[in-house]
Protein chains: 4
Amino acid sequence: MIIVMNKTATEEQIELVVSRIKDKGLEASISKGTEKTVIGAVGDERLLDPKLLDNLPGVEQAMHIVKPYKIVAREWHPKDTVLDIKGHLIGGKHIQIVSGPCSVETPEQMKKSAKAVKAAGVKLMRGGAFKPRTSPYTFQGVGFDGLEMFRKAADNEGLPIVTELLDVRHLDKFLEHKVDVIQIGTRSMQNFELLREVGTLKIPVILKRGMSATISEWLMAAEYIASGGNHNIIFCERGIRTFETYYRNVLDVTAIPVLKKETHLPVIIDPSHAGGKAWMVAALSRAGIAAGADGLLVEMHPNPCEAWCDADQAITPTELKDLMKDLTAIAKILGRNISN
Amino acid sequence: MIIVMNKTATEEQIELVVSRIKDKGLEASISKGTEKTVIGAVGDERLLDPKLLDNLPGVEQAMHIVKPYKIVAREWHPKDTVLDIKGHLIGGKHIQIVSGPCSVETPEQMKKSAKAVKAAGVKLMRGGAFKPRTSPYTFQGVGFDGLEMFRKAADNEGLPIVTELLDVRHLDKFLEHKVDVIQIGTRSMQNFELLREVGTLKIPVILKRGMSATISEWLMAAEYIASGGNHNIIFCERGIRTFETYYRNVLDVTAIPVLKKETHLPVIIDPSHAGGKAWMVAALSRAGIAAGADGLLVEMHPNPCEAWCDADQAITPTELKDLMKDLTAIAKILGRNISN
Amino acid sequence: MIIVMNKTATEEQIELVVSRIKDKGLEASISKGTEKTVIGAVGDERLLDPKLLDNLPGVEQAMHIVKPYKIVAREWHPKDTVLDIKGHLIGGKHIQIVSGPCSVETPEQMKKSAKAVKAAGVKLMRGGAFKPRTSPYTFQGVGFDGLEMFRKAADNEGLPIVTELLDVRHLDKFLEHKVDVIQIGTRSMQNFELLREVGTLKIPVILKRGMSATISEWLMAAEYIASGGNHNIIFCERGIRTFETYYRNVLDVTAIPVLKKETHLPVIIDPSHAGGKAWMVAALSRAGIAAGADGLLVEMHPNPCEAWCDADQAITPTELKDLMKDLTAIAKILGRNISN
Amino acid sequence: MIIVMNKTATEEQIELVVSRIKDKGLEASISKGTEKTVIGAVGDERLLDPKLLDNLPGVEQAMHIVKPYKIVAREWHPKDTVLDIKGHLIGGKHIQIVSGPCSVETPEQMKKSAKAVKAAGVKLMRGGAFKPRTSPYTFQGVGFDGLEMFRKAADNEGLPIVTELLDVRHLDKFLEHKVDVIQIGTRSMQNFELLREVGTLKIPVILKRGMSATISEWLMAAEYIASGGNHNIIFCERGIRTFETYYRNVLDVTAIPVLKKETHLPVIIDPSHAGGKAWMVAALSRAGIAAGADGLLVEMHPNPCEAWCDADQAITPTELKDLMKDLTAIAKILGRNISN
């Protein structure tokens, strides 16, 4: 850690900072510049909280120089992690698409959806039984019955299932229905109690980025899961909140190369929630894969106009098929394979 | 609801929209303009989700014209709601300050804090037993023992207590310790399961604004609590996330007059988390009260340099006393009273 | 335009709105809903400013339903516009890459740069003679001598030149040096005097998006140029400002399909200023083309480590060549050609 | 400057950084930590651009530790600067209100406005002859005739005038009409050519913050003016752009204590453009003064419903009078005087 003292800092003030550093078992090295004194804290700086030094008299700024995340950091694990989801690989050279409806509605809808997912060559299926909705007066998901319908429809097509967990009290039922991948939604990215619970499992977790979470906070949220022992984490960029109102969120495509640099874990994008409109999905999906993403979480509905939820962002089975063709071609340019 | 059709919309497309409106039991009125056709849906438009119309062919945009919130809306309840927290009123002419340390540390620290709160003329005390922290490697709060320490120290000075609930599973213990006001933190504003649970109680709830929640989403989050039967809600603006990096968050002072217009419920601000630095607290507190806030949630520590958490943002007991003097004078200008 | 009256609006208040609409020569149609009255203004609504109605008593909200831009809007000009820059086409099926150094430094550097641009198969060259810099104490560009050096180096390789105009007083010199494409920088997007001046020319203009400009403001800025008679406009997305601090800006890749829907004019991206780091450029460039952009404005320097300005974001001649290969392959998947 | 090397940096890479530092005439000091090596550059670090080091091999991050602004910095000029505008002081203990209409319309309107400004006890008058408007199809200001009308109306009441300059070519006319304070608008904050021109004058300049400018960029923009010799600068916070759509901008009240800490120059706020609605103006004005602002720039119109521009944000003469009463009382609490 680097502590910059202000121009008028006294010797006593410098001494106090040094003693605080030593209290935590680190060494201090002092450099007197022409304008300011800089103190370096040498040792395991994760033990030092910059805020505990920031308010000491004479301190201008205290900054970490070591990244606060460790298990998820590529710095400590240079090779790409490849996860295996029931035989389907993701990470490294392997790209996976996850598709299906926003929410589980009926057995019939799920049956059609599963068939369409399979027909498009997609290997993993998504669907929500519990929906976090802005208004208490709109459809909130069909609940546990939905898990049942989803499991059955997916099993018929041999598809592993991905579904969102939003309440720690639902976990037992999720395990009972053998959910293959647990999704942590954007509103739960910093629900630390939930992160700790999924951290105790071995099931892969898709961790969506919070609506306005920084990359660093996102990596730290993953570190909560990883520090519990579950290293099977997939990051999912789903658009961030900005001043623009034309579309719901801005897909942060820059986050893809950045995460690939900072972490060894797979990174996917959700083009459906990012833009919020079906007509944007193909363009955003191509952009994500071209930028190096390891996959997509993309909403498809057998009949979007009749969807009970987010009807405006689901693509049709035919659109999914066409999209897969383009994505396969782009993956090839990058020396990667898709949906193996 | 207003549905704007695009320039090239056909009669069939207009008919489809009309039939969807009628399916939900509303009436449709069609206005043909020089450039575009506009369809009005007349009736209880809360039953119509704009997204379900947005993706119909020929539709350019579907917009609500009635506010999506109802119980919390001033439109339906013009008079200010005044809440009574163990005899201390908030709302209408009554301003209340809530103060205390960021986190509960030791019985001694809580004893000193409670005395300082009381000495400053503040009537309500805050303190966190469970702390949501960005990193899993930093101090996470002392847990239930903290509730015990807090309750005891506050009781000695006759102060009602305000503390954060971040896990539904903690609720029983909170009730056991007779927590007087439950705080829902910024990361939990859209933890809808948690909101539903506190919605079943009668205990007042301070609902902090999400880091990047819009005013409308915030009002809808309150509506989750209110629709469960608990109308004892206090909104707390705590700074929003922007591009500025000099300080942690931007205190959205404009949200105060806006909320006073949109809702009849009390609105307070948290100047400590907004700015993130103790030296900003007095200025932000004065601004909040001058803008019409019904109170403050302000961090004070008997010895800020030794605080275990957010040490850089707590003010001292003396600073709290001085601040109370200024705030009392500003309240008087606005015809209001403070800490009665 | 739609004017929503509030629940308690009186007949007189409705009448006043109606009379204001009629004053501007439009017709008013009144719909009384169960909760609110809605007034529609029928006619050329560009003549009505919503702000002039918003503050009338009883008005809750006044909203445009017709887009405020016209010449640049696809709504009025459905076919893609293809621009011809000295024989190189951009728009429709044609993609063009513009490359070169951030700033003109020396004749030698420009000569090497032009050769590298040509060698990579790129047809248009960029370079800045005047640099808008945050600090008055850093390098501000070499000025008019730079235009001279640039013109000469580019002419030797037969490359049209693209350079930024930031002061109306420089325009004569730009014309004298026969600048082929004028770039309006992000800080000048709403320098309306500058826009009006380039609006009187026939030279193609690259209009960069303001750092935090909405899509609508950007289209309106283009409308300033277009309404002066110059319809040769290319939009350039160069990253927007958000809360994220890991990189300089967030490349708004969603803006590409949105602009392609809203305007018939070409849309390119600047992957160099968006990310701010050379190692992100390839990923962002591929994402942009895959999302449907009509081109790139990408910084390349014969020796990035020695660049006088933005040294951290320029790619090398070799990297440019490799990038062109990938982009050509992606363009082909989309049925487009590059650098013809 | 501090340069942090990455974990795997080699001796050669460290040497290259050191040699670059020495090339600029600074000294280098090397500290080897347990995980990373940190290099300090000692000397006048304004000569070093972090971007020139960031891209050297092995460098993780290069950071300034000295503020990039100097003339405007309180660090180098600890005492408050008090400006004298035709006998009216601003800064230190002195608060000044600037009021008047958004735009100059007619001699009659300006006469009424000037009388209302005077009657409210306000000492400085504002009014715009040239208006930067988002759309080319809306009212753009009355132009130079407006300056004439403004000068005359203000002279009759003995009020110095404040008006916006948005084109360098208008400067002569501004001097001819003896404009007392030049306002640089939010869209021009980084119009560096304009800043340089007003930097050569002695006339006080109100520098509005860019719509999404950081505090640091804003201080640097002022440094452009100051480095030309004009130190008569007043900062004006006018709301920043965020994700919130209920109001136009978020008044960044936190910027007030921050600027008072970072600069010795006066800081005012514009509550009219911040909120964008007349009914918010009083609350925001009180908040600004309570937070320590040195003044306001507030729009008042003799008949807001008839205003030609921004009609929804102007307050009435009566509202201005009432506001002055509250502000005077708040100023007194802070030991300051208003409109002397």
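In this predicted model, chain A can be superposed on chain B by a turn of 180 degrees with a shift of 0.0 Å along the axis, leaving an RMSD of 0.0 Å. The two copies are therefore related as by a two-fold rotation axis. S212(A) has the C-alpha of chain A nearest that axis, 3.2 Å away.

**Chain A against chain B**

- This contact is made by 37 residues from chain A and 37 residues from chain B.
- Three helices of chain A, α2 (50-54), α6 (192-199) and α7 (215-227), each provide at least two residues of the side that touches chain B.
- The most comes from α7(A), which gives five residues to that side.
- By class, the side of chain A that touches chain B holds 16 nonpolar, eight polar and 13 charged residues.
- Of the interface residues of chain A, 100% are also interface residues in chain B, so the copies meet through the same surface.

**Chain A against chain C**

- Here 32 residues of chain A are in contact with 32 residues of chain C.
- The side of chain A that touches chain C draws at least two residues from each of α8 (255-262), α9 (271-275), α10 (278-290) and α11 (317-333) of chain A.
- With six residues, α10(A) gives the most to this side.
- The residues of chain A that touch chain C divide into 21 nonpolar, seven polar and four charged.

**Chain A on its own**

- Chain A contains eleven helices and 15 strands.
- Along the principal axes, the C-alpha atoms of chain A fill a box of roughly 75 × 45 × 40 Å.
- The domain assignment divides chain A into domain 1 (2-63) and domain 2 (74-338).
- The centres of domain 1 of chain A and domain 2 of chain A, taken over C-alpha atoms, are 43 Å apart.
- Chain A has 340 residues, and 57% of them count as buried.
- Among contacts in chain A with a separation of 6 or more, 65% join residues 24 or more positions apart.

**One helix in detail: α3 of chain D**

- Helix α3 of chain D covers residues 107-119, which is 13 residues.
- From its first C-alpha to its last, α3(D) reaches 18 Å, close to the 18 Å expected at 1.5 Å a residue.
- Which residues of α3(D) are buried? They are Q109(D), M110(D), S113(D), A114(D), A116(D) and V117(D).
- Seen down the axis of α3(D), these buried residues fall within an arc of 165 degrees, so they line one face of the helix.
- An α-helix has 3.6 residues a turn, so residues three or four places apart point the same way.
- The buried residues of α3(D) are covered by elements of chain D including β7 (94-100), β8 (124-126), α4 (144-157) and α11 (317-333).
- Just after α3(D) comes G121(D), with a positive phi of about 85 degrees.

Notes:
Residues numbered from 1 in each chain as written. Chains lettered and ligands numbered in written order. Predicted model: local features only at pLDDT ≥ 70, side-chain atom pairs only at ≥ 80, totals over all residues. Contact = placed C-beta atoms within 7 Å. Helix = DSSP H or I, 4+ residues; strand = E, 2+ residues; numbered from the N terminus. Nonpolar A, V, L, I, M, F, W, Y, C, P; charged D, E, K, R; others polar. Domains from an automatic or database assignment. Expected span 1.5 Å × (residues − 1). Buried ≥ 20, exposed ≤ 12 C-beta atoms within 10 Å, placed from the backbone. Arc of directions from axis to C-beta. Least-squares fit on C-alpha atoms with pLDDT ≥ 70 in both.
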